[in-house]
Amino acid sequence: MISTTLAEIATALGGRPAGGADPHAHITAGMVVDSRKVGPGTLFVAVRGAHVDGHDYARAAIEAGAVAVLAERETGTPAILVDDVVRALGRLSRTILDRRPETAVIALTGSSGKTSTKDLLGQVLARRGPTIAPSGNFNTDIGLPMTVLGVTEETRYLVAEMGARHVGDIAYLCTIAPPRIGLVLNVGSAHMGEFGGREGIAKAKGELVEALPADGVAVLNRDDPLVHAMAARTRARVVTFGESAEADVRAENVTLDESGRASFTLCVPEGSAPVILRLYGEHHVANALACAAVAREVGMTVEEIAAALGAAGTISRWRMEVTRRDDGVTVVNDAYNANPESMRAALKALVAMAGGNRTFAVLGAMRELGEESLTEHDAIGRLAVRLNIHRLVAVGGREAAWIDMGAKNEGSWGEESVLVPDVEAAVELLRGELAPGDVVLVKASRGVALERLADALLADAAGDDVSNAEVHG
């Protein structure tokens, strides 16, 4: 973080010092919202959550080395008091970013693939200069400011992931980190219950291109009609990517190797180059093309882009983390999140990775699908049958039952699909069935916490981490 005094922070936020805060004290080690991560030189941000109030941890943060607390009420500690901590965090981030006009903000959004593409893009752009693209899912009104506040005097590129649960969310995030390049990956079914349909999702995602300046660049998926239509909503120059022949940045000759890793020829107006991805699944071709389109806009050659894409791996946790146990069983932990698009991609990647070996799909609920929930869960069960998944284990309640129902209605599967009530029951079932060579996929929405199942399977035998790759979700 750029070193900033408490006085500068108070002025930028219209806040007031309290509790004996020294206005000349410098924040040198960034902002922290988790008191367990506080260290010397930090500013502890006391966020009020649904279950935990950061103000209750103010004293512990100061004792751990925080210079002061950003708070909404007196805490008995050195503090800067503001009316709304979260909004103040956004304003402070914008103030810091305005001091670095040399830092190019590249924002991206989409229904699926945001974090995997952000990780990939961060690694590609790092070859051009210092880049911030933090691991994990920092795409909210708290996560994005925390990302921005990591900017230093050397930062050349800031990759800002932007999520939305309501119309207006992305527009607000763009006031915190105004983008020069805006990337829209896709419009899918994630949060369909919140937006009322894909058109509502497209309206929300398109706020990103509406925020671009006239001299900015909108990078749009040519293969997604709802994304391509966003060209009419921006003043910026439009660049497209995809497998369509009309795309400015496109892929030709896409193939998968025996492990399910994609290769293709990257084609741009200036030429072409071969790309061999380390990531599992054909869906990563679209993510790679999106990154290539952005990299081309910052001046990278097609050869440089191809080399960077081929060298990139996974950074964020629980996204197609692949671990081979000592007994030959492979566990694929993709339990961070799930929606219909990412679930389909994960199942297809599972089959490709197995190379003919037995496949186990351990699936849980996909949340926030609204009226389409039954239909979408049923469809995932049916897809598992069509892909010849050896064993489908649906974990949980109503939504899991719909997955199981879809599988059983699709074909004469009988015992090949089973519904279990919880993680413990799933682990017990798998312990009795897994054999060397089997590949197990674990996937569900974040709230299901199905990563506990993957952890239990890995605890059964010491594993060697052989690869990491992300399935978007």
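Analyst: A disulfide is a pair of cysteine sulfur atoms within 2.5 Å. By that rule, the structure holds zero disulfides. Cys267 is in no disulfide, and the nearest cysteine sulfur, that of Cys291, is 17 Å away. This is a predicted model, in which local features need pLDDT of at least 70, side-chain atom pairs count only at pLDDT 80 or more, and totals for chains, interfaces and linings use all residues. Residues are numbered from 1 along each chain as its sequence is written, and side-chain values use heavy atoms, with hydrogens and water left out.

User: Is Cys291 buried or exposed?

Analyst: Buried means under 20% relative accessible area, exposed over 50%, and partly exposed in between (1.4 Å probe, protein chains only). Cys291 is buried, at 0%; Cys267 is buried as well, at 7%.

User: How is the area buried between domain 2 and domain 3 read?

Analyst: The size of an interface is often given as the accessible area lost when the parts come together. The loss is summed over both parts, with a 1.4 Å probe. An automatic or database assignment sets the domain bounds: domain 2 covers 100-311 and domain 3 covers 321-461. Between domain 2 and domain 3 about 1200 Å² is buried, 58% of it from carbon and sulfur atoms.

User: Which side chains meet in a salt bridge?

Analyst: A salt bridge requires a side-chain nitrogen of Lys or Arg within 4 Å of a carboxyl oxygen of Asp or Glu. The count between domain 2 and domain 3 is one. Glu368 and Arg165 form a salt bridge, with 2.3 Å from N to O.

Methods
Buried area = accessible area lost by both parts, 1.4 Å probe.
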